[in-house]
Structure formats: C-alpha cells, structure tokens
Amino acid sequence: MSLASDQSLAASVFLLATAVALAIYARTASPSIAGGDSGELVAEGCALGTAHPPGYPLYTLLVFLVTSLGKEWLPDLSPATLVNLMSCVFGALSSSLISLVVFKLTNGGDDDSLTPEQRHLSMISRSAAALSAGLTCAFTPLFWQYNTSAEVFALHNLFVALLVYVSVLYSTKPSTSVIALGSLMCGLGLTNQHTSVLLIVPVVVWVIYTSSMLTKPRLLLMSSLSFVAGISLYALLPWMAIKWPHAGSWGNVTTFSGFVHHFLRRDYGTMQLYSGNSGAQTEGMVGRTLSWASDFALHQLGPQGLAVGLLLATVSWLQHFNAETQPKQTAKRKKQPSPSNAVWKVILAALVFYLTVFHSLANLPLSNPLMYGIHQRFWMHTNLLAFILLGMGAQKAIVAASKKSKRVALTLVGIVLLLPAVTYRKNFSVSDQSTNRYFRNYALSILEPLPKNSLLLINFDQQWTSIRYFQECEGVRADVTSINMSMMTFKWWESKRALYDGVVNFPGTHYTRADTLQWQAGGFSFSEFVDANIERSNIFVGGRLNFDDPAYSERYEEVPFGLVRQIKRRDSPPESSESYREASLGVWRTVAGHIASDLPSEKKYPPSTWEWTIRREFFDHLVSRSTFLLDLALKEEGQQGQQHVLHSIAESAAWLELASSWDGAQYAGQPSMQKNLGLAYMNIVRSKETSFPVTEDIFAADAEHRLNWRSAEDGPWKEWATTRWRESWEAFLAMESSKTEPGYEQIKMIFESVMRSSQAKASSRP
C-alpha cells in the first residue's frame with residue numbers, strides 16, 4: 001500500500017474511533033456535577049481560583065473558557081454539563097489516539113514474506129486491531145466513568161496518548177520539531193497531572209539516548225524551551241490569585257514559598273495521594289501491582305476480553321511453533337524498518353516504571369472500598385499503555401493466522417471487532433450516567449433548608465465539592481458562607497481570613513488543637529471559633545471535627561438538621577420534642593423531595609464510588625434525627641406527661657422502622673436500632689392517649705420498605721406496639737454484640753420481668 005493510502009486509512013481509523021466514542025460518551029455523560037473533585041475543579045474554573053494541590057492551572061483555564069463560551073452559545077446547559085462534555089471530547093480523542101498508535105505501530109517490516117492477498121489482509125487486521133484496542137479501552141468501566149465527568153483524568157489520558165503518539169512520530173522521523181512538540185506535551189501534561197512524570201521519564205531517557213541530545217546544544221535548548229513553555233502555565237496560579245482573590249480557594253500561591261508549597265503538594269505530602277500514612281502499612285508495591293493486574297484482567301477487560309486475548313495468544317503461539325518446525329530457508333528476506341521495534345519496548349518500560357514507582361509511593365489503604373476507588377483512577381495511565389500493547393499483539397496474531405488460513409484470519413478479525421461491542425454492552429448499565437443528578441440533589445438538600453446568612457462548616461469532601469460548585473458556578477444560596485474545616489488547619493489559612501471580613505470572626509491564625517504549640521503561637525480551637533461566631537449567625541457543621549475539643553463538647557451540642565447538624569449552646573432554653581419534630585420535619589421534606597425518590601442504587605454504585613456515600617449519609621442522618629427526637633421525647637416524659645410526646649415517639653419509631661427495612665443490610669442487625677425501637681414501642685404502650693397519631697409519610701419508598709410502618713390492617717395500636725416491642729427487644733437480646741450496649745442489663749431485666757408477668761397472666765386464665 002502506498003504511503004498516501006496508508007495515511008488515508010490511518011485518518012479513517014482515527015476519525016471513526018473518535019466519532020463512535022464521542023457519540024456514546026456524550027449520550028451517557030452526567031447532566032450535572034459528579035463526585036470526587038469534580039465540583040471543586042469546576043468551581044475554581046468558574047471563578048479562576050486555585051484548586052487543591054498542585055493547582056491544575058491548565059484544567060482551570062480550560063474550564064473557564066468552556067463555561068464562559070457556553071454561557072453565550074449554549075445558555076441552557078449548566079457549567080457542569082459543559083465541562084462533562086469537554087471531558088467526553090478529551091476521552092474520545094485519547095481512545096482514538098490509542099487506535100492511531102496501534103495502526104502505525106503495526107506497519108510491519110516483513111512485507112516480502114507475504115503474498116499480495118496476505119498484505120491486504122494485514123491492512124484489514126491493522127485497522128481491526130487498532131479500532132478494537134481504542135474502543136474497547138474507551139468502554140472499560142474506568143475510562144467510561146472518568147471520560148464522561150468533570151475530572152482531570154480525561155485530560156491526563158489525552159496527554160498520555162499524545163505523548164505516545166509523538167514518540168511514534170519520533171521513531172519514524174526524529175526531527176527537531178517532533179522533539180520540541182514532545183517536550184511541549186511533557187510540560188503541559190505536568191500542569192494537569194504530576195503522574196505524567198512517570199511516562200515522561202522513560203520517554204525522555206529514550207529520546208536523549210537515541211538522538212544524542214546531550215551532544216547537540218541547539219537541540220537541547222529547543223527541547224528545554226518547549227518544555228518550559230508548557231509548564232510555565234503554573235505562572236497563572238499566582239497571577240489569578242492576586243488579580244481575583246477568592247474565598248474558598250486553596251493555598252497561598254501569591255508568595256514564592258507558598259507557590260512552591262502548593263506545587264509540591266506538601267499539604268498532602270509530596271509524591272503521595274493523601275496526607276495520611278495508614279495505607280503504607282497495609283499493602284506494598286507488589287500487593288498494589290497485583291491489585292492492578294487483577295482489576296485490569298477481571299473488571300476492565302472482563303471475561304470476554306480475557307477469552308479473546310487467550311485465543312489470539314494461542315493462535316500466535318501455534319504459528320510460531322509451526323514456523324520453528326519448518327525447514328529454515330537460506331535466503332534472507334528483505335526487512336523494512338518498523339517503528340514498533342523500539343516504541344513497544346519504550347511503552348512496556350513506561351508501564352513497568354509507572355507500576356513500580358507509583359505503587360512504591362502510593363499510600364491510600366486499598367482495604368477501604370472508597371480509598372480503593374480513588375487509587376483505582378490512577379490505573380487508567382497504565383491501562384492505556386496496556387491496550388496499545390494488546391492491540392499490537394492482536395494484529396500480529398491475525399497476520400500469523402493469515403499465513404495458514406484466510407478464513408481463520410478473517411474470523412479473528414470479526415472476533416476482534418466484536419470485542420468493543422461486547423464490552424460496551426457489558427458495561428453500559430453501570431457506566432450510563434445520563435440520569436445521574438445525585439450530587440445536585442445532595443447539595444440542594446443541604447443548602448435550601450439553611451436559614452439566611454448561615455455559616456456552614458464542612459469537613460466532608462462530597463459536601464464541600466458539590467456545595468462549592470453550586471455556590472460558585474450556579475449562584476445557589478450565595479448568602480450562605482461555607483468554609484472547608486480542613487483548609488482552616490493549614491498555616492496558610494492566615495492569608496485567607498481577610499476574604500471573610502465582616503462575615504466571619506477568626507480568633508487566631510488557623511484552626512488547631514487547643515493547648516499545643518501551634519495554638520500557643522496564635523492558632524485557635526474549634527470551641528474558640530464557635531464562641532467568636534455563635535452570636536452573629538446560625539452555625540451548621542457537616543462531617544467530623546478535625547481535633548477532639550472537650551471545651552466544645554462541654555459548651556455546645558449538635559442538633560440534627562437534615563444532612564448537617566446545627567450547633568447550639570447547651571445552656572440555651574431547651575426545645576420541646578414537638579417543636580423540634582415540626583421544624584425538623586420541614587427540613588426533611590426538602591431532603592426527601594430531592595433525594596428519597598432517587599437514591600443511588602447499591603448495585604450500580606458500590607462502596608468504592610462517591611455516589612454510595614450519598615445513600616449512606618441519607619440513612620445515617622435519618623436515623624440520627626429519629627434517635628435525637630426519641631431522646632427529647634423520653635426526657636420530657638416525666639416533666640409534662642407522655643400525652644404531649646406521643647406524636648414524637650411514634651414518628652421516631654416509624655422512621656427507625658423505615659431505615660431498618662429500607663437499608664436493612666446496614667441497620668437491621670445493629671443492636672442500637674433494635675434497642676431504640678424497643679424503647680419507642682414500650683413508651684407507646686404506656687401512653688395514656690386514646691388515639692394514635694398519623695405519621696406523615698414524606699418518603700417515596702416502595703411498599704416493600706414499609707414492613708413495620710403502621711397501617712389500618714395492624715389492628716389496635718397498643719396491641720401492635722406491644723408485639724413490635726417484644727420483637728425488637730427479643731432481637732436485641734439475641735445479638736451477641738448487644739452485651740456491650742449501654743443499658744443492656746436493665747433492658748434484659750425489664751424484658752424478662754414483663755415476659756414472666758405475661759406468661760403468669762396467660763396461665764391463670766380459665
């Protein structure tokens with residue numbers, strides 16, 4: 001085939017792969033913000049702020065451009081939707097570049113050994129293997145997920161594919177312009193993801209060695225300047241921070257030391273994924289690499305991919321075996337130079353280098369499903385390289401088969417082309433995010449019920465990122481001041497305080513533990529922060545405190561308020577259970593309206609996903625509100641008479657029953673759940689009320705989740721409550737773990753006493 005025809009076919013393969021991947025990605029992309037860092041990254045792009053370390057200046061700039069243009073050209077699309085579509089474009093291009101690289105690397109050099117028909121079949125096999133590698137990779141769960149959501153990984157995948165493609169160009173035509181282009185890609189890649197260095201190092205070593213760059217000052221200067229031009233985008237961070245200082249942005253990049261601190265990710269630990277170290281004690285480099293291999297083979301490739309791979313490997317081995325047993329010919333066949341001879345070795349070296357170095361430094365504990373999911377995202381880099389190698393292997397196997405049988409070769413072509421379709425079908429239900437509005441609903445459930453001008457303190461990633469997006473990009477509840485509590489713990493927080501003047505009082509430089517050196521040097525404890533602000537605004541908190549604070553626990557209590565908690569003084573006048581029931585029910589109407597009818601499916605969103613945390617939070621806060629209301633009601637029992645609290649007790653029991661049946665895997669087996677249900681029903685039985693209050697059903701759960709929600713068919717309400725009391729405490733006492741629960745012995749004594757009395761009455765009847 002002529003060079004022009006070869007290039008035309010390569011372009012066709014590239015365009016076809018791009019079109020197919022982009023069409024499916026756009027069809028299945030989320031219409032709103034996703035989990036993880038998506039909300040924060042888009043928020044900083046909307047405001048030209050500073051994202052979490054290392055800052056992601058290129059991504060921030062791209063988000064700003066896309067969302068700004070989108071307001072003018074596509075006003076009906078939200079900023080999140082626009083950035084999700086941007087990721088779709090990046091993801092489709094990275095997948096099609098895989099196809100293009102495979103096509104170019106399989107331009108074998110043994111043309112003289114093939115008949116014209118076999119050469120034609122070789123071109124078919126190149127196209128088939130290239131399309132299959134790119135599109136199968138595109139439809140694996142990891143790529144599909146992150147190529148359709150607002151994250152930096154789609155752009156990182158594109159840079160990895162681009163750098164490999166430029167390496168192919170270099171292997172065929174090692175010119176100064178190609179080296180300069182590759183150097184520029186290296187610099188730009190590092191402005192998006194630092195893990196790019198794990199591909200840059202082996203590629204640069206190869207280029208330096210093969211080009212003798214160190215002996216060519218002009219070439220060295222050109223490549224260095226190109227690299228600096230790319231990485232110089234980091235200069236945008238201090239410039240944007242000075243020109244548009246922004247509350248909620250990370251770090252103090254306006255000083256040289258602060259910029260270096262942010263660039264090196266010292267808040268997390270340089271060359272680490274997060275600031276903890278527990279993961280380093282659980283899995284080593286080998287264990288993490290084996291986890292990658294298992295995930296790649298069993299979940300990304302899947303059974304169908306493994307089957308095709310084994311089939312092609314078997315065909316290739318058989319052909320090699322037959323060739324070895326044939327009489328050797330003395331005449332040497334003419335060989336054409338092939339770029340694959342060097343590049344595939346560089347790709348393999350880069351894959352091994354990444355797995356070794358990354359897994360030696362990574363410190364997320366893989367035993368935690370959510371941490372595993374976070375770590376798993378960084379495997380896309382190696383998966384992309386692996387699919388290039390697999391594509392090359394597939395083409396070689398088909399060519400080998402063509403030397404024996406055209407029919408077998410064409411059958412293999414069909415199987416290889418079928419693989420992307422099978423992978424697409426297998427992963428579609430899990431990867432289709434076209435109805436995923438979970439984090440939109442989650443953020444609105446928190447923001448909408450808050451009183452005007454509230455102060456919201458957040459120490460939970462999903463609350464922070466989703467709320468920050470809606471406040472910054474869509475202007476939702478801009479009157480609410482939200483602060484990331486973990487940000488307040490860094491010393492650079494002192495530079496942020498002026499951005500909150502007139503809204504928040506900071507009694508020191510940054511948040512720290514009381515009675516420590518940092519506290520003595522000017523820091524403040526959480527109790528001191530609350531003391532300084534409790535009189536000027538309603539304060540709410542989401543997540544746990546960063547440090548234990550006995551003074552805070554002594555002076556304040558946290559009252560459940562939807563999906564967050566309101567901070568109140570302990571010495572303030574107590575709120576009645578009925579007053580709290582009515583007020584909190586209004587908050588939960590908003591929460592239920594957004595979330596209850598559309599909770600993330602546990603089947604589609606396992607514990608390794610961010611969506612799973614929304615489901616978990618919904619039920620945890622539902623139970624928290626129920627137990628708090630029950631506790632309030634029981635405390636009032638001896639003060640006002642139980643008839644004033646029956647409605648609160650009944651509603652508490654109904655909500656606890658709902659959580660136990662709706663999310664039974666989590667709650668049905670918890671001793672505390674059965675204990676609290678028994679307490680509620682015991683007090684319902686004791687009530688002097690003559691009628692049972694109707695509990696408003698604000699949830700849209702199916703009938704199967706109403707297993708013990710009282711209905712007219714349950715008969716007299718006291719008999720029903722007595723039955724449920726007995727069943728709940730029987731279940732509680734039967735649990736081995738209940739023996740460590742507070743009040744176990746007292747409950748056991750009461751239960752046994754009542755049951756003996758009931759048995760005595762039953763036996764005395766004629």
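Ser30 touches Asn84, Thr148, Gln433 and Asn436, leaving aside residues up to four places away in sequence. Ser30 lies in the loop between α1 (3-28) and α2 (38-47). Keep in mind as you look around that this is a predicted model; the mean pLDDT of the chain is 89. Below are some places worth a visit, grouped by topic.

**Around Ser30**

- With a relative accessible area of 5%, Ser30 falls under the 20% cut-off and therefore counts as buried.
- Ser30 and Tyr438 are 408 residues apart in sequence, yet their C-alpha atoms are 9.7 Å apart in space.

**The largest cavity**

- The structure holds five cavities of 30 Å³ or more, and the largest has a volume of about 60 Å³.
- Three helices, α7 (153-172), α8 (176-190) and α9 (197-211), each supply at least two residues of the lining of the largest cavity.
- Phe159, Val160, Leu163, Met185, Cys186, Gly189, Ser196, Leu199, Ile200 and His381 line this cavity.
- Sorted by class, the lining has seven nonpolar residues, three polar ones and no charged ones.

- Strand β5 (residues 564-569) runs antiparallel to β3 (residues 539-543), and two bridges join them.
- In that pairing, Val541 stands opposite Arg565 in β5.
- Six bridges join β5 to β4 (residues 556-561), and these strands also run antiparallel.
- Here Val559 is the residue to look for, standing opposite Gln566 in β5.
- β4 and β5 form a hairpin with two residues between the strands, where Gly562 takes a positive phi near 65°.
- As a reminder for viewing, side chains in a regular strand alternate between the two faces of the sheet.

**Confidence**

- Of the residues in the chain, 90% reach a pLDDT of 70 or more.
- Residues 330-337 are a stretch to treat with care: pLDDT stays under 50 there.
- For residues 330-337, the model has six contacts beyond four places in sequence.

How values were computed
Residues are numbered from 1 along each chain as its sequence is written. This is a predicted model: local features need pLDDT of at least 70, side-chain atom pairs count only at pLDDT 80 or more; totals for chains, interfaces and linings use all residues. Side-chain values use heavy atoms; hydrogens and water are left out. Two strands pair if DSSP finds at least two bridges between them. Helices (H or I, at least four residues) and strands (E, at least two) are DSSP runs, numbered from the N terminus. pLDDT is the predictor's confidence in each residue, from 0 to 100. Contact means heavy atoms within 4.5 Å. On a 1 Å grid over the protein atoms alone, a cavity is a set of points where a 1.4 Å probe fits but cannot get out, and a pocket is an open set with protein on both sides within 12 Å along at least five of seven lines; lining residues have an atom within 4 Å of a point. Grid points are joined across faces, edges and corners, and a volume is the space filled by probe spheres set on the points. Ala, Val, Leu, Ile, Met, Phe, Trp, Tyr, Cys and Pro count as nonpolar, Asp, Glu, Lys and Arg as charged, and the others, Gly among them, as polar. Buried means under 20% relative accessible area, exposed over 50%, partly exposed in between (1.4 Å probe, protein chains only).
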